[in-house]
Amino acid sequence: HLTLQNKNLPSLLFFWCPNQYVLGLFMIYMSTQVDALLGDGHGRGPDVAALTVTFFLFEFLAATQDIAVDGWALTMLSRENVGYASTCNSVGQTAGYFLGNVLFLALESASFCNKYLRFEPQPRGIVTLSDFLFFWGAVFLVTTTLVAFLKKENQELIPAKEETKGITDTYKLLFSIIKMPAVLTFCLLILTSKVGFSAADAVTGLKLVEEGVPKEHLALLAVPMVPLQIILPLVISKYTAGPQPLNTFYKAMPYRLLLGLEFAFLVWWAPKVKHEGGFPVYYYAVVVLSYALHQITLYSMYVAIMAFNAKVSDPLIGGTYMTLLNTVSNLGGNWPSTVALWLVDPLTVKECAGAQGHTCATAAAAELCSAAGGSCLTTLDGYYVESVVCLILGFAWWFFLGPKFKKLQEEGPSSWKCKRSN
């Protein structure tokens, strides 16, 4: 179904394999250190500085790998089929998310394992984080070795002329790419396009856990979504593989914004249906349905952006170019989520009940309230404030900037082609 063009594959394979080995060895090493880094929960807390360095190294290695994979997508697929790169990407990420998040949380939960997988209860789950890291580190080493030895390249094909001669030259070219009017406009628009989803995407899960929904139950609710998440990119790719993939992004946006209010309703509804045994089945059914609708809109937008990035990326610096656009797209979703998480507490209004003359405006004031025999009661949750504000900002972007975003599809290939200044 997909036409292959193998130019540049030997260099990409040579670039990808060492990075995979480093990732595998790093995970195996971290399996021996992760328990100490997370703390024992009995007076010794997590080592935040070491964890920050660890996650930075993980992200650095994963981003390096991502550049090679993006380069493969552009060099292996013909230009008319390059839109399917987003389908491969989203299906692979879905499988990885299921194995690394849903399955792990279930097997790591002692309550889940004791209830469903064991005959005799035990204090720990079947799998620990240390075991998980060691296993996947070994898998990285084995699979990379198999690819290195079994993947045969066509040595008769002469690689295309390299567009860059080193790291410095590459960054200079990236800077010239960003300065191009079409790319700069795309970056500015995509960096602001996901502000309207920040409260729903970043805060809803935490609020549900805060209201008593077990996190392992939330993880298990994602299991029915896996077939949907695999099928969706295949269906959506029929609409995004053409010349105007951003139309799908634009059409899905208002539905995703409205689902943000639906998520806020689920959080508000949770304490009202909670009982001693947990939550009723119908509540979980509504959560699954809401999440399924959200996934349809999310994947419609995600696959559309990935298809557009693959469509406009210049193959001469394809992996770096496409990763640049994908990184900006990801940043457009990450920075609003960070801001949304940070603003929840400042936007929350609390009052001190039972201790006259005290407030709960700050952490110190809340401690004084408790010391005086009072308790802080939430009168207005900042999450609901954010949900309404995000809805307004999201529809404002969709109405005023959305049409300009779609017009980027009318730009000719020359508007996206690398222009060197030498």
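Mentor: Start with a rule. Two rings of Phe, Tyr or Trp (for Trp, the six-membered ring) pair if their centres lie within 6.5 Å; planes under 30 degrees apart are stacked, over 60 edge-to-face, and the rest tilted. By this rule the count comes to 21 aromatic pairs.

Trainee: What kind of model is this, and how are residues numbered?

Mentor: The model is predicted: local features need pLDDT of at least 70, side-chain atom pairs count only at pLDDT 80 or more, and totals for chains, interfaces and linings use all residues. Residues are numbered from 1 along each chain as its sequence is written, and side-chain values use heavy atoms, with hydrogens and water left out.

Trainee: Which residues form one aromatic cluster?

Mentor: Phe265, Trp268, Trp269, Phe279, Tyr282, Tyr283 and Tyr284 do.

Trainee: What makes tyrosine 283 and tyrosine 284 an edge-to-face pair?

Mentor: Their centres are 6.2 Å apart, and the limit is 6.5 Å. Their planes stand at 70°, which is over 60, so the pair is edge-to-face.

Trainee: Are tyrosine 283 and tyrosine 284 buried or exposed?

Mentor: Both are buried (under 20% relative accessible area; exposed is over 50%, partly exposed in between, with a 1.4 Å probe and protein chains only). In the whole protein, buried residues make up 43% of the 422 residues.

Trainee: How do you know that phenylalanine 399 and phenylalanine 400 count as exposed?

Mentor: Phenylalanine 399 has 55% relative accessibility. Phenylalanine 400 has 57%. Both values are over 50%, so both residues are exposed. They also pair edge-to-face, at 5.0 Å centre to centre and 90° between the planes.

Trainee: How many helices and strands are there?

Mentor: There are 17 helices and two strands. Helices (H or I, at least four residues) and strands (E, at least two) are DSSP runs, numbered from the N terminus.

Trainee: Why is α9 called roughly antiparallel to α16?

Mentor: The axes of α9 (residues 198-210) and α16 (residues 382-400) cross at roughly 160° and come within 9 Å. Axes are lines fitted to C-alpha atoms, for helices over the stretch in contact, with angles from 0 to 180 degrees between N-to-C directions. Under 35 degrees is roughly parallel, over 145 roughly antiparallel, 65 to 115 roughly perpendicular, and the rest oblique. The angle is over 145, so α9 is roughly antiparallel to α16.

Trainee: Which residues make the contact of α9 with α16?

Mentor: Ser198, Ala199, Val203, Thr204 and Lys207 of α9 meet Tyr383, Glu386, Ser387 and Cys390 of α16 (contact means heavy atoms within 4.5 Å).

Trainee: What makes α9 roughly parallel to α12?

Mentor: The axes of α9 and α12 (residues 246-273) come within 10 Å and cross at roughly 15°. That angle is under 35 degrees, so the two are roughly parallel. Ala200, Asp201, Thr204, Lys207 and Leu208 in α9 meet Arg256, Gly260, Phe263, Leu266 and Val267 in α12.

Trainee: How do you know that serine 198 is buried?

Mentor: Serine 198 has a relative accessible area of 5%. That is under 20%, so serine 198 is buried. Its place is in helix α9.

Trainee: What is serine 198 in contact with, leaving aside its neighbours within four places in sequence?

Mentor: Serine 198 is in contact with Val203, Pro336, Ser337, Ala340 and Cys390. The C-alpha atoms of serine 198 and leucine 391 are separated by 9.7 Å, though the two residues are 193 apart along the chain.
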